[in-house]
Amino acid sequence: MTTAQALSCQELVELVTDYFEDALPAEARARFEEHVGRCRGCGIYLDQMRETIRLVGRLEPEHVTPEAERELRQAFAAWRSTSS
Amino acid sequence: MIDPAEFRELEALRSGDEEAFMAVVDRYHGSLLRVAQIWVSNRSVAEEVVGDTWVAVLRGIDRFEGRSSFKTWLFRILANTAKTRAVREGRTIPFSSLQNPGAVPESAVPADRFRDSDDSSWPGHWASPPASWDEQPERRLESLETRERLEAAIAALPATQRAVISLRDIEGWSSEEVRNALELSETNQRVLLHRARSKVRRAFEEYLSEDVR
């Protein structure tokens, strides 16, 4: 085990986004993967972060409310009548 | 560079096609609202800011030449509109939350879930490790309640974190697009995304650990 530079779990959870965003330098990335490979808790944590991202990705973006739509259509009509 | 389909849509909009306008409005509405709330205090003011932004877009559309992406141009107008409004409201602009979000440390996971740093055998390792979600019934993860819990967790985030997670994970923007729209550095975008995702995971873990009814 590379104890001297090994990551603790507490440090690892702070690097998850850097890892997903591919922002870790090669050496840090290797230490991250080495840790996850032998730590069940961190493996589960990483899965939970992936699942969180997946489930958040299924939420519906917000659409325009009918009142806002009415106002925007009016604004558009007003713009069209002045711009031509 | 601008997306060709969007370019055609903007051409239609410019020539007076109302439905083309509404299609563009609908595509960006949720993102604009989330981002506006970084600067203004509440939802109804944010809605006004978004409305004013569209009016400014229409007034300026002839000057938009497609050299930057429409998205970048649109969100720059939104930011200016929202900041002006914030000043008028007498609200201080949360500059630090965008420019230096890492100033105040924040943990992804509460420290008491880990062993102490002076633990003799496993310092900083899990004291109370997370439990796998693999055994969760799929229908629970796909339920309306799950969606509501996630939405509530996102709604509870500070406005800048909420904006970043919404654009990245709900709207599917790239980190570069988010950085351009919010004028964030690469590091700050990542800090905000990390904090947002970590808190949503934590809230969801709490929800899943409640008894299944």
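In what order do the elements of chain B run from the N terminus on? In this predicted model, the order reads α-α-α-α-α-α-α-α-α-α, and the count for chain B comes to ten helices and zero strands. The C-alpha trace of chain B spans about 70 × 40 × 35 Å along its principal axes. Of the 213 residues in chain B, 34% are buried.

Buried positions in α3(B) are Ala46(B), Glu47(B), Val49(B), Val50(B), Thr53(B), Trp54(B), Val57(B) and Leu58(B). Their cover draws on both chains: it includes α5 (66–83) of chain A, along with α2 (18–39) and α4 (70–88) of chain B.

Turning to the nonpolar cores, the largest holds 49 residues, and those touching the most other members are Val35(B), Ala36(B), Leu78(B), Ala82(B), Val164(B), Ile165(B) and Val200(B). Helix α2(B) gives the most to this core, contributing nine residues. For Val35(B), once neighbours within four places in sequence are set aside, the contacts are Phe75(B), Leu78(B), Ala163(B), Ala181(B) and Leu182(B). Another core, of 14 residues, lies apart from the largest one, and its members include Cys9(A), Leu12(A), Cys42(A) and Trp126(B).

Definitions and conventions. Residues are numbered from 1 along each chain as its sequence is written. Chains are lettered from A and ligands numbered from 1 in the order in which they are written. This is a predicted model: local features need pLDDT of at least 70, side-chain atom pairs count only at pLDDT 80 or more; totals for chains, interfaces and linings use all residues. Helices (H or I, at least four residues) and strands (E, at least two) are DSSP runs, numbered from the N terminus. A residue is buried if 20 or more other C-beta atoms lie within 10 Å of its own, exposed if 12 or fewer, and partly exposed in between; C-beta atoms are placed from the backbone. Two residues are in contact if their C-beta atoms, placed from the backbone, lie within 7 Å. A nonpolar core is a set of buried Ala, Val, Leu, Ile, Met, Phe, Trp, Tyr and Cys residues joined through C-beta atoms within 7 Å.
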